[in-house]
Amino acid sequence: MLRRRTRMNPTAVRRPIQPPPVVASPFPFHPGSLLSIEDLSLQGLSHILSRASALESMDPLERARILAKRRIALLFYESSTRTRTSFELAAKGLGADTTLVSSLSSSIEKGESLKDTGLTLRALGAEAIILRHASSGAPWLLEAETRLPILNAGDGMHEHPTQALLDLRTMLQDLRPGVETITPETFAGITVTVVGDILHSRVARSNMLLLPKLGARVIFCGPRELLPEMAAQAGPGVSVERDFEAALKQSQVVMMLRIQAERLAGLQVDLDEYKVRYQLNGERQARLAPEALVLHPGPIIRGLELTADVADGPRSAILQQIRNGVAIRMAVVERALLTAANEGGRA
Amino acid sequence: MTALLIRGGHLIDPSAGVDAPKDILLKDGRVAEISSPGKSKLANGAEVLDASGLTVAPGLIDMHVHLREPGQGYKETIASGTAAAAAGGFTAVAAMPNTAPVNDSTEITRWMLSPERGAVVRVFPIAAATRGMKGETLNDFAALKAAGAVAISDDGKPILKDSVMRETLVAAARVGLSVIQHAEDTRMTVGASMNAGPMAFKLGLRGMSNEAESSIVERDIRLVTELRDARSHLHVAHVSTAAAIAAVRQARRNGLRVTCEVAPHHFLLTEEHVGMYNTHAKMCPPLRSAADRDAMIEAILDGVVDAIATDHAPHAVHEKEIEFERAPNGITGLETALGLSLRWLHKEWKLPLGRVLSLLSAQPAALLGMKGRGALTVGSFGDVVVFDPKAEWTYRAAEGKSKSRNTPFDGWTMQGKVQWTISEGRIAYAAPRS
């Protein structure tokens with residue numbers, strides 16, 4: 001809204017000017033899709049958490065009947081160890097047939113577009129596509145063109161919703177053991193500090209959108225090159241703190257991130273100075289936050305963002321995160337294929 | 001067909017100060033007579049267009065379009081682009097030089113103007129300032145002007161070197177041509193695909209800052225100030241930021257010949273319209289913040305903006321159906337400019353109809369020195385648009401005349417339906433009978 005300028009014409013009547021409205025997003029088209037962590041309501045999140053636990057403890061033979069012989073494609077335009085393997089194990093654990101298409105061994109190399117690759121997989125019988133892509137927003141394009149359930153396994157610098165879900169499960173296990181039904185107060189009084197290359201991190205963005213909904217405070221911490229000031233305006237409950245030690249002192253959870261050299265695009269970061277200011281080492285941890293849970297989405301670079309004693313220490317949940325990834329992804333894959341297309345749009 | 005009588009309409013000609021019922025007789029491509037209704041003395045044997053209940057105005061002029069020929073006829077041709085122009089009420093379009101090859105020669109300028117291109121309204125080529133738009137070696141502006149160029153611009157590859165921009169301003173002024181600058185410091189926008197700000201951060205996209213635009217506008221104004229004696233005319237293309245508008249406003253107060261245009265998408269839409277990576281909301285300059293958009297509206301209402309120009313930039317469907325960061329910049333605009341301007345500037349924000357039409361005809365004609373266009377007086381070109389100013393309609397991109405469909409305005413309500421567009425006395429567009 002703006003008021004008409006009167007300086008040029010002091011006799012003009014000041015009156016409000018109403019601009020055209022912004023139309024609501026039509027995404028997701030398929031209710032089984034998980035494009036953004038924002039696709040999930042608190043109820044939807046709770047459901048995924050409880051299904052993750054149920055599926056994890058189920059008899060493997062019984063579990064393998066849930067999606068027996070259903071077809072799921074993994075479409076990976078970027079390299080991945082944890083995400084790809086755990087999605088694959090999750091889908092196979094439910095009995096589904098999976099096929100992996102990666103950019104280096106497919107027609108993608110020959111110039112096939114994402115749309116055409118998606119339509120090809122659909123024609124081959126894929127009932128859902130798990131997509132990892134270097135371009136922010138690629139899963140939205142793939143969903144619009146194929147109308148299949150699309151699971152976002154990380155898009156560029158944008159989102160990584162299943163990582164936020166497995167982080168949530170890991171935090172709940174430590175801070176709220178036994179809790180699977182979440183509310184706006186579940187993490188009241190909890191401060192989560194995310195440290196490092198926020199600018200290029202899809203993990204940071206998905207967590208930033210999720211954690212404040214449960215009442216947590218999110219502090220972003222890092223140097224200006226890797227954390228623009230405007231990050232503080234990205235959503236409610238999010239703030240920026242440049243002083244790592246000041247942030248650490250307030251934190252119950254600290255999430256360390258890797259500097260994404262592949263996305264720096266010419267940016268220069270002095271790694272020695274970075275370590276001095278932002279590395280989580282044993283001394284800092286013991287002095288400022290001995291109880292804080294330490295998370296890292298991986299891959300970790302020992303000796304850079306954190307030291308070996310922290311990574312292997314008693315408060316490190318890094319391997320627990322990876323274990324939770326399989327359970328969470330089973331729940332998300334199940335949701336993708338067992339949520340009928342007629343169940344309506346947004347959660 | 002040599003004579004055409006437009007009878008019973010209401011003539012609005014802002015530059016002549018006419019706002020009254022008039023009949024207009026066009027003969028041999030020119031306006032032969034303007035008379036009170038039913039009083040024409042020269043209309044014997046003329047074909048009659050019944051304009052009762054309709055508004056008659058000087059044909060619209062879009063000083064910023066991309067017609068894609070030579071070289072990219074799959075996006076648009078001069079024939080299809082001018083057909084879209086005619087459907088939108090335009091009788092003249094100024095075509096940017098970012099063709100393949102670049103229009104930096106008299107041969108290409110003449111090729112674009114050849115009757116074989118099948119243009120249905122007038123095309124006015126804008127020639128490149130430097131060879132291949134590489135920002136190094138100046139072209140021969142006198143020769144380009146003689147071949148038909150109406151302005152000089154390196155378009156999407158703005159002139160960054162101060163020395164080259166200075167030479168361009170001086171050389172263009174010497175032959176009486178305007179210099180149009182797409183203000184973007186491309187060194188600051190590498191890899192960027194939308195406006196810099198919280199939205200870009202949230203979407204994980206690299207952003208183009210306001211400074212990338214305003215710093216070039218400020219630099220250019222400084223050069224024009226230094227070259228005051230050269231009487232250069234700097235025209236800033238598609239202004240999108242409050243800071244750039246403020247710079248233009250100040251330059252004008254200082255008596256400089258600095259003008260600017262705003263595109264409909266920049267006075268209507270914001271970065272919020274990018275939504276979830278809608279490539280039809282990707283253009284350069286990008287959709288900006290609400291404060292910037294409001295500054296565009298304000299600058300149009302208070303008269304700092306000299307023209308509404310569309311930056312019509314057609315792209316084939318497959319080029320826009322890709323990842324947002326990889327999709328080309330640009331949207332079409334010729335068929336929606338009048339409808340959006342009337343719907344929003346006039347109806348919603350109460351800009352008088354005459355001023356809307358002036359921004360779309362008389363003012364751009366004056367900026368580009370188009371003699372005999374942008375006004376309807378006896379002897380001027382018979383460039384006329386006849387439209388129903390009250391009619392509301394829904395724009396359907398698929399039904400358009402452009403070869404391309406890349407628009408964020410598909411399905412939007414428009415106001416003001418074009419009935420006829422007449423280019424130099426010939427009907428270039430007639431609305432289908434409904």
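Modeller: A residue is called buried if 20 or more other C-beta atoms, placed from the backbone, lie within 10 Å of its own, exposed if 12 or fewer do, and partly exposed in between. Glu56(A) is therefore partly exposed, because 17 other C-beta atoms lie within 10 Å. This model is predicted: local features need pLDDT of at least 70 and side-chain atom pairs count only at pLDDT 80 or more, while totals for chains, interfaces and linings use all residues. Residues are numbered from 1 along each chain as its sequence is written, and chains are lettered from A and ligands numbered from 1 in the order in which they are written.

Colleague: In which helix does Glu56(A) lie?

Modeller: Helices (H or I, at least four residues) and strands (E, at least two) are DSSP runs, numbered from the N terminus. Glu56(A) belongs to helix α1 of chain A, residues 42–57. Its C-alpha atom is separated by 13 Å from that of Ala91(A), 35 residues away along the chain.

Colleague: What is the strand order of the open sheet in chain A?

Modeller: Strands of a sheet pair through backbone hydrogen bonds, either parallel or antiparallel. Here, two strands count as paired if DSSP finds at least two bridges between them. The open sheet in chain A has five strands in the order β9-β8-β7-β10-β11, with parallel pairing. Its edge strands, each pairing on one side only, are β9 (238–240) and β11 (293–295) of chain A. From one strand to the next the twist averages 20°. Within the sheet, β7(A) (residues 191–195) and β8(A) (residues 217–221) share five bridges, and Val195(A) stands opposite Cys221(A).

Colleague: Which helix packs on that sheet?

Modeller: Two residues are in contact if their C-beta atoms lie within 7 Å. For angles, axes are lines fitted to C-alpha atoms, for helices over the stretch in contact, and values run from 0 to 180 degrees between N-to-C directions. Helix α7 of chain A (residues 202–210) packs on the sheet and touches β7, β8, β9 and β10 (253–256) of chain A. The direction of α7(A) makes about 155° with that of β8(A).

Colleague: How is chain A divided into domains?

Modeller: Domain bounds come from an automatic or database domain assignment. Domain 1 of chain A covers 37–160 + 325–336, and domain 2 covers 161–323. Taken over C-alpha atoms, their centres are 25 Å apart. Where they meet, 26 residues of domain 1 are in contact with 25 residues of domain 2 of chain A. On the domain 1 side, α1, β6 (150–155) and α12 of chain A each give two or more residues; α1(A) has the largest share, eight residues.

Colleague: Which residues have the most contacts inside the largest nonpolar core?

Modeller: A nonpolar core is a set of buried Ala, Val, Leu, Ile, Met, Phe, Trp, Tyr and Cys residues joined through C-beta atoms within 7 Å. The largest one has 237 residues, and Ile129(A), Phe220(A) and Val248(B) have the most contacts inside it. Helix α12 of chain A (residues 318–338) gives the most to this core, eight residues. Both domains of chain A contribute at least three residues each. Beyond its neighbours within four places in sequence, Val248(B) is in contact with residues including Val217(B), Cys260(B) and Val304(B).

Colleague: How many residues does each chain bring to the contact between chains A and B?

Modeller: Chain A brings 31 residues and chain B brings 29. On the chain A side, α5 (138–146) gives the largest share, three residues.

Colleague: On strand β10 of chain B, are the residues buried or exposed?

Modeller: In a regular strand the side chains alternate between the two faces of the sheet. In β10(B) (residues 178–181), Ser178(B) and Ile180(B) on one side and Val179(B) and Gln181(B) on the other are all buried. Strand β9(B) (residues 151–153) runs parallel to β10(B), joined by three bridges, and Ala151(B) is the bridge partner of Ser178(B). β10(B) also pairs in the parallel sense with β13(B) (residues 234–236), where Val236(B) partners Gln181(B).

Colleague: Which residue has a positive phi near 25°?

Modeller: His238(B) does, although it is other than glycine. His238(B) lies in the loop between β13 and α7 (242–253) of chain B, and it is buried because 23 other C-beta atoms lie within 10 Å.

Colleague: Where is the cis peptide bond that involves Pro70(B)?

Modeller: The cis bond runs from Glu69(B) to Pro70(B), with omega near 5°. Pro70(B) is in the loop between β6 (60–65) and α1 (78–87) of chain B. Another cis bond joins Ala100(B) and Pro101(B), with omega about 0°.
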